[in-house]
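My plan is to look up how its parts meet.

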Amino acid sequence: MPKKGPKIGPKRMTRYEKSRVVGARALQISMGAPILTRIDANLHDPIRIAELELLKRVLPITIRRKLPSGAFEDVALVDLLD
Amino acid sequence: MNSVSKQKYVTNKQIERKLVQLRKRDTLPTRLIEELRKRLGDHKLTSAQLNRIIREISAAYDNSLVQPGEAVGAVAAQSIGEPGTQMTLKTFHFAGVAEFSLTLGLPRLIEIVDARRNPSTPTMNVYLDEEHRAKEQHAREVAQGIEQTRVERIAQTVEIDLAEGGIVVELDKDLMENKGVNAELVAEKLDNVRPNLGEVTRDKNRIIVTPELREGEEAMHMAKLQKTFDKVRDALIKGQDGVKRVLIKKEGPELVLYTEGTNLKGVLRTKGVDTTRTISNHIHEIAETLGIEAARQVIINEAKDVLDEQGLDVDIRHIMLVADLMTATGEIRQIGRHGISGEQSSVLARAAFEVTVRHLIQASVIGEEDNLNGITENVIIGQAIPLGTGSIDLFMSPSRRKKK
């Protein structure tokens, strides 16, 4: 049986979803949001930090995948990482 | 027992079952599944190997798909447009495939995307059924049945006989033989022309058409004679209306007919024609006779042929997108003013395209709404556009954080 995955869109995150998530999170971090994972003390670039958080699956973010018909599906970020 | 025979290879039956399963899952296109079916049979595969092959192919296919959010339309436009600029520099017209000329290159490409109703060089490739495709003589019979033959083409002279008040047609024996008709047939066809031309009498190869006098008329009116004369001269005796010329060409093992001028409907009804392969390059005609899906395919084929012929390598998916767009409504729409660009649902998008003020006034008069779903509208009002990263909505719920 095929693995369960999102009903709308690809099984994995698209490049646009990844950019969007990293960008949004990097903005938060740059404005002083608490970082959700342990990072190297020398790491100062908010974008790199956001990428790291994404890879470590600690971001509590949901992506809303929409269809032109108006139908949508909310997919947890971690379900799109493999 | 040796160890080799112990190894279990999958049987063709098992492969088949797997493929049927795969098709039901609907994650791979039929074409890939068919190719798998063709290639898998000859190899000795273990079940694990078979699964691996299918898994790898599925993964490769998934990776090749375009990702949601991609600006496919803009990419397609550029990918067809750039080679198009090279085409202009090279050539406009290209001498024909066989003995008649065919519009190719940029003019033809424009013709296709404009969905012209009267392409400048309509042609058909008429394939023949098994009985007729082998011998030249049989092929010629079919060709004669397709090529339009008018009185003018088989007559030595067509004249107005003022003394008798009729039209005299002097048929040419050789010409008639060439076209596969005889004087009797000509007389019969002239008699069947509606509205009636008048009385048709035949004496060997001479046919006289005498228009009937109307009540009260003493002699035949000159204008009426002239009219009848034109009708007689242009009367269709044999073949399909619109098919100006037919060429027989050998294509591999079989004979194929190429026509100048099209009449797909008529040709498909002609005996000896292979209706499954015969095509026309007239997109509207295809849509009328074979349906919109066939028209889509013709758009793709014709555009691809034009580009290939010039040695331009354009990915077929760009062309497919254009063809899909043109046929999506079930009718053929051109790209441009009277088609896709002019029929956009958004007022702002239409106003951005052409005659801005008129569109805006018209929309305000009838109270049109704009849901701002498209790209253009959002550019106009200065919002993030729904494309790429702009098409993604995010929600953050810190409390839902998973501890791991």
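I count strands as paired if DSSP finds at least two bridges between them. Ile61(A) has Met396(B) as its bridge partner in S11(B). Helices (H or I, at least four residues) and strands (E, at least two) are DSSP runs, numbered from the N terminus.

**Ground rules.** I noted that this is a predicted model, where local features need pLDDT of at least 70, side-chain atom pairs count only at pLDDT 80 or more, and totals for chains, interfaces and linings use all residues. Residues are numbered from 1 along each chain as its sequence is written, while chains are lettered from A and ligands numbered from 1 in the order in which they are written.

**The contact of A with B.** How many residues does each chain give to the contact? I found 18 residues from chain A and 17 residues from chain B. Contact here means C-beta atoms, placed from the backbone, within 7 Å. On the side of chain A, helix H1 (15-30) and strand S1 (61-66) each give two or more residues. H1(A) has the largest share, 8 residues.

**H1 and H2 in chain A.** Next I checked H1(A) against helix H2 (residues 46-55) of chain A. Their axes (lines fitted to C-alpha atoms, for helices over the stretch in contact) come within 8 Å and cross at roughly 120 degrees. Angles run from 0 to 180 degrees between N-to-C directions. H1(A) and H2(A) are therefore oblique: angles under 35 degrees count as roughly parallel, over 145 as roughly antiparallel, 65 to 115 as roughly perpendicular and the rest as oblique. Among the residues that meet are Val21(A) and Ile29(A) in H1(A), and Ile47(A) and Leu54(A) in H2(A).

Conventions:
Contact = placed C-beta atoms within 7 Å.
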